[in-house]
Amino acid sequence: MKISSLLIIKMSALSLTLFGCTFTPCDNTVETEAQSPRGEYIATKFERNCGATADFSTIVSLRDATTPFHGEEGIVFLVKGKPEVRISWENDMRLLINCKGCTSEDIFKNEIQWKDVSIIY
């Protein structure tokens, strides 16, 4: 019996929708969170472990306080390894990120703005 190409494409799309979007190959471990002074935003520092074939990463993300943490949205800082990274709010519109011992070669992302928040390093 010959299966049509269209049926194969539809079944593949359905499988991807049901199973592909829920599979996360990496583990995210929240290390610390800091809420902005008025409580509008949350900065989260977390560690990402993608298994034996990839290095650990330390990541800082920002999100609205009403949004749950997922680990994929709002990434503003990403550095290879497990350096000492500290996050704190200077005020409602300024997040401070301090990365002790970080080198520019190890930093893969360092945004200076997210929504109306300035990010200072």
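**Reading strands, burial and contacts**

Q: Which residue in β7 is the bridge partner of V79?

A: The bridge partner of V79 in β7 is I107. This is a predicted model, in which local features need pLDDT of at least 70 and side-chain atom pairs count only at pLDDT 80 or more, while totals for chains, interfaces and linings use all residues. Residues are numbered from 1 along each chain as its sequence is written, and side-chain values use heavy atoms, with hydrogens and water left out.

Q: What is a strand, and when do two strands pair?

A: Strands are DSSP runs of E with at least two residues, numbered from the N terminus. Two of them pair if DSSP finds at least two bridges between them. Here, β4 is joined to β7 (residues 107-110) by three bridges, and the two run antiparallel. Five bridges join β4 to β3, again antiparallel, and S57 stands opposite K80 of β4.

Q: In what order do the strands of the open sheet lie?

A: The order is β1-β2-β3-β4-β7, with antiparallel pairing. The edge strands, β1 (27-35) and β7, each pair on one side only. From one strand to the next, the twist averages 20°; axes are lines fitted to C-alpha atoms, and angles run from 0 to 180 degrees between N-to-C directions. Between β2 and β3 there are eight bridges, in an antiparallel arrangement, and A43 stands opposite L62 in β3.

Q: Is T44 buried or exposed?

A: Buried means under 20% relative accessible area, exposed over 50%, and partly exposed in between, with a 1.4 Å probe and protein chains only. T44, found in strand β2 (residues 41-49), is buried because its relative accessible area is 0%. In β4, five of the six residues are buried.

Q: Which side chain makes a polar contact with that of T44?

A: A polar contact is a pair of N or O atoms within 3.5 Å; within protein, one must be able to donate a hydrogen and the other to accept it, and residues adjacent in sequence count only if both atoms are side-chain atoms. The side chain of T44 makes such a contact, of 2.6 Å, with that of R63.

Q: How many residues has the largest nonpolar core?

A: A nonpolar core is a set of buried Ala, Val, Leu, Ile, Met, Phe, Trp, Tyr and Cys residues joined through side-chain atoms within 4.5 Å. The largest one has 17 residues, and those with the most contacts inside it include V60, W89 and I97. Strands β2, β3 (57-64), β4 (75-80), β5 (84-91), β6 (94-100) and β9 (117-120) each supply at least two of its residues.

Key: Helices (H or I, at least four residues) and strands (E, at least two) are DSSP runs, numbered from the N terminus.
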